[in-house]
Amino acid sequence: MVVRGCENRSVNALVVEKQKSRENLFLIGVPCEGILDWHKIVSEVGEAVTAVKEDGQNLMVETRDGYQLLERADFLHDSCKRCIHPNPMSADILIGEPLPEGDPNLARTTVENFETQTIEDRYAWFQKEAERCIRCYACRQACPMCYCEECFVDHIEPRWTESGATPAGMQGWHIVRAFHQTGRCTSCGACERACPMDIKMTYLTEKLNHDMRDKYNFEAGLDAQSQPPFAAVTLDDKNRFTVRGE
Amino acid sequence: MNHILEKHTLQDLLQSWRQDYDVYLPQKMENFSHFMPLTETSVLVDGDPHNTRIPPKALFLPMNEALVKFTRFGGYEDAKHEIQSRIVFGIRPCDAQAVQLLDTSFIQEDNIDPLWSERREKTITIGLGCHEPCQTGFCTTVGYGPFDRADLDAMLTDLGETYLVETFSEAGEGCFLGLPVASEEIYNQALDIQRSAHDQMPVAFETENLKGKLEQNFKSDYWDTVSQSCLGCGVCTFLCPTCFCFDIVDETQRRERVRNWDSCMFRTYSLEASGHNPRPSRVERTRQRLSHKYVYWLDQVNQIGCTGCGRCVRYCPVGLDIRAMLRQAQTLPFEVSHAA
Amino acid sequence: MQPNGHSLYTPIPMHVLHAYYESPDRSLKTLELSFDHAEDSQAFFEAFNPGQFCLLSVPGKGESALGVANAAWEGDFVRFTAQNVGSVTAALHKLNAGDPVGMRGPKGNGFPLNDWKGKNLVIIGGGCAFSTLYALTKHVHHESHRDDYGKLTLIYGTRTSGLCMYKHDIAAWHEDEDMEIHQAIDIPEDNWQYHVGYVPDVVKQVAPSPENAVAIVCGPPIMTKFTLPALVDLGFSPENIFTSLEKRMKCGVGKCGRCNLGPQYICKDGPVFSLAELNALPADL
Ligand code: SF4
Ligand code: SF4
Ligand code: SF4
Ligand code: SF4
Ligand code: SF4
Ligand code: FES
């Protein structure tokens with residue numbers, strides 16, 4: 001497998017969850033400069049794009065009427081812009097020179113900016129994003145950590161959330177999908193990239209990732225052994241939630 | 001009849017319709033256009049991409065709607081829907097064709113979907129032809145075109161400062177009463193634009209023998225090849241203007257039986273209670289999607305069930321391109337003798 | 001729109017007249033339903049043809065497609081036998097006499113009885129899919145239709161003798177000179193006097209004559225898969241072999257797309273197809 005930073009983390013997380021066996025994989029690592037977001041290019045240049053060529057830090061965009069030169073870094077996916085670990089950390093071989101680590105403050109400030117909004121504003125944002133959803137499940141299908149044979153939304157008895165593209169159904173889907181990623185999301189941004197409705201759903205998972213870093217000093221997929229905090233049970237857990245009355 | 005509509009008077013005209021109709025037109029939503037009800041401040045989005053992201057089929061077959069209401073003591077009644085008279089303005093020809101194709105499924109003699117048909121009856125559709133080719137569309141390749149009338153009530157051709165309005169029905173004519181009649185000269189100018197738009201559309205693939213090739217190679221590993229990277233999501237079918245599959249689900253809390261859009265690309269679509277799945281992987285599911293559009297629709301109504309709107313090409317998260325898939329299908333072996 | 005003016009998705013109200021288990025293991029339950037409204041009954045029997053199915057509905061659970069297991073002459077009721085396999089059938093199993101239940105139907109084409117007039121019928125069934133064949137046999141065997149058809153041969157296999165449905169009639173048919181009946185079970189049992197073995201093998205053993213005959217096969221997919229070629233080997237032409245297909249269904253009226261097999265919808269264009277028709281359709285089952 002050829003892996004970038006986020007993909008290497010996803011492989012690690014899947015190994016932790018016993019979905020993959022590391023011995024059966026040979027990882028060829030490639031330090032990643034980020035994926036381009038065609039939506040961003042098209043909204044800058046217009047629909048007439050016929051080809052895009054990469055040239056170092058620049059993009060040569062060919063249109064029906066000529067060429068345009070863009071700065072590559074401006075047209076990355078949001079998840080790539082705030083990526084902390086672009087280098088594969090446990091590849092069997094690495095191709096190319098490692099890149100400098102990303103700035104963790106970018107992810108932090110995204111979450112913090114959101115947190116400083118009023119509860120009403122946050123709810124309005126949540127509604128606007130969630131209720132645009134058409135429940136095509138491209139985000140789930142693209143997510144490296146969504147591998148359930150039967151997703152909770154497909155479960156019939158009991159039914160966990162309304163089945164359709166109704167406000168309750170869409171909100172239920174967005175909340176529970178994010179919750180299921182607590183300590184598991186590897187910040188790859190695949191969900192957001194896949195969404196046909198341009199829903200920026202990582203504001204939810206990034207908040208959870210932020211809490212995991214802050215409260216548990218944990219990031220998913222950094223190695224192939226550490227259990228996500230919510231999946232690891234130890235005898236000296238502070239909250240002994242398995243014991244009644246404590 | 002043919003009329004001339006000054007662009008700067010469009011807004012007034014749209015607003016005047018609101019007295020008697022709910023008016024829908026493509027408006028900006030986030031980064032894309034979406035059919036939304038007209039308000040005082042609505043602005044028509046008519047740039048490229050020509051198409052709204054969610055196809056107008058959603059105006060006739062909503063993503064989610066109640067079919068049946070459960071009454072007390074185990075009874076049932078029809079779910080009630082207030083369906084208003086509407087004008088849908090700015091449908092592109094490929095989408096208008098798609099709605100007409102779907103009529104053949106929803107409105108059959110003695111077998112009529114009541115909600116679809118009532119919405120169709122109460123809706124006046126006004127098309128907006130495409131004077132410039134769109135990026136991923138290929139309407140002419142599949143036998144349609146950027147100025148096809150389908151069964152639109154009226155259609156507009158963009159002439160710069162004005163639109164030529166062609167009306168095809170009484171209801172369509174009623175919307176444009178009182179507008180000046182277009183001169184022969186202007187009409188001919190519009191026809192030139194329409195013809196040139198048609199000619200500018202690229203030929204994305206050849207359709208000759210395509211149906212036969214797909215049919216005869218039902219078991220070919222071609223399907224394996226073209227579906228390799230498919231995620232099995234619902235994007236290409238939910239956004240497709242001609243996909244109509246729906247699921248029926250009981251919503252216990254709402255005491256309703258509802259329908260939701262469904263997709264043959266989903267694993268659960270064909271999964272049976274016994275655990276048997278006739279289409280166990282993306283290979284069979286991709287085959288179903290393509291065959292439905294390029295084989296079965298032809299068997300049923302002798303028209304290709306893809307109107308070339310280009311949405312699936314544009315929004316597939318892994319870049320699977322139906323045009324490329326069908327170009328590749330053209331290289332499959334084909335025996336003419338079978339075809340008869 | 002249905003004859004009663006309701007949308008085609010709205011079930012008609014019925015009540016359970018009789019409910020009883022068919023098998024000692026209680027995996028099969030038969031429900032006989034009566035119509036709440038006489039006009040629904042009239043509309044039903046005007047349209048009904050053996051081989052058709054209905055969608056039985058339980059609010060909150062959904063609908064399940066079940067073959068109609070009675071002939072029209074039996075009276076003003078509709079009979080179904082449900083195997084307890086999913087959430088809807090589990091709910092149906094909980095119903096007792098007097099309970100309300102919703103129904104949509106009859107759906108589908110049913111058996112082409114008119115085309116079969118004057119022919120010998122070889123009826124081959126397995127498991128609970130036998131229900132529509134039971135309806136067919138009851139119809140054909142009735143004195144008012146019996147003269148329309150030639151010789152009647154019935155081959156019916158179940159896993160165990162307990163799982164044999166409609167035991168009362170089956171026992172009577174064994175005594176009936178007018179009918180040749182071959183019953184089979186998969187696994188040997190004490191005191192069993194008929195065939196032991198799988199239906200395709202029993203068909204080969206019995207070797208019904210293809211002369212002026214049609215064969216009708218309804219059973220689990222695996223049985224059908226091996227019985228159809230066995231009949232071809234016996235000399236039945238594909239035009240004279242019929243089967244009833246099953247696929248996941250939702251709307252039952254050719255709208256939701258779910259049950260498609262190539263350009264056909266099993267709920268509307270089927271469920272009964274000849275082997276000749278099936279051979280022309282994609283192998284998508
Ligand atoms: S990809 Fe987007 S539209 Fe599709 S289910 Fe996910 S959030 Fe909703
Ligand atoms: S495919 Fe054709 S009709 Fe559709 S938007 Fe593009 S040019 Fe217009
Ligand atoms: S949109 Fe693309 S990835 Fe999703 S199901 Fe369709 S072909 Fe597969
Ligand atoms: S198959 Fe693709 S191009 Fe064709 S009508 Fe559907 S979405 Fe448009
Ligand atoms: S079967 Fe698939 S391709 Fe055909 S209408 Fe349904 S979702 Fe679309
Ligand atoms: S069950 Fe809906 S089309 Fe057959």
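The following questions and answers concern two interfaces in a predicted model.

The model is predicted, so that local features need pLDDT of at least 70 and side-chain atom pairs count only at pLDDT 80 or more, while totals for chains, interfaces and linings use all residues. Residues are numbered from 1 along each chain as its sequence is written, chains are lettered from A in the order in which they are written, and side-chain values use heavy atoms, without hydrogens and water.

Q: What makes residues of chain A and chain B count as being in contact, and how many are there?
A: Contact means heavy atoms within 4.5 Å. On that basis, 30 residues of chain A touch 31 residues of chain B.

Q: What is the area buried between chain A and chain B?
A: Buried area is the accessible area (1.4 Å probe) that two parts lose on being put together, summed over both. For chain A and chain B the value is about 2,400 Å², with 55% from carbon and sulfur atoms.

Q: Why is the pair Lys128(A) and Glu30(B) called a salt bridge?
A: The term requires a side-chain nitrogen of Lys or Arg within 4 Å of a carboxyl oxygen of Asp or Glu. The closest N and O atoms of Lys128(A) and Glu30(B) are 3.1 Å apart, and therefore the pair qualifies.

Q: Which classes of residue make up the side of chain A that touches chain B?
A: That side has 13 nonpolar, five polar and 12 charged residues. Asp, Glu, Lys and Arg count as charged; Ala, Val, Leu, Ile, Met, Phe, Trp, Tyr, Cys and Pro as nonpolar; and the others, Gly among them, as polar.

Q: How do you know where the two domains of chain C lie?
A: Their bounds come from an automatic or database domain assignment, which gives domain 1 (3-107) and domain 2 (120-244). The centres of these domains, taken over C-alpha atoms, are separated by 24 Å. Their contact takes 20 residues from domain 1 and 15 residues from domain 2.

Q: How much area do the domains of chain C bury, and which residues of domain 1 lose the most?
A: Domain 1 and domain 2 bury about 1,400 Å² between them, 66% of it on carbon and sulfur atoms. In domain 1, Glu22(C), Pro50(C) and Trp73(C) lose the most area to domain 2, together 37% of what that side buries.

Q: What makes Glu74(C) and Lys138(C) a salt bridge?
A: Their closest N and O atoms are 3.9 Å apart, so the pair meets the same rule. One salt bridge is found across the interface of the two domains.
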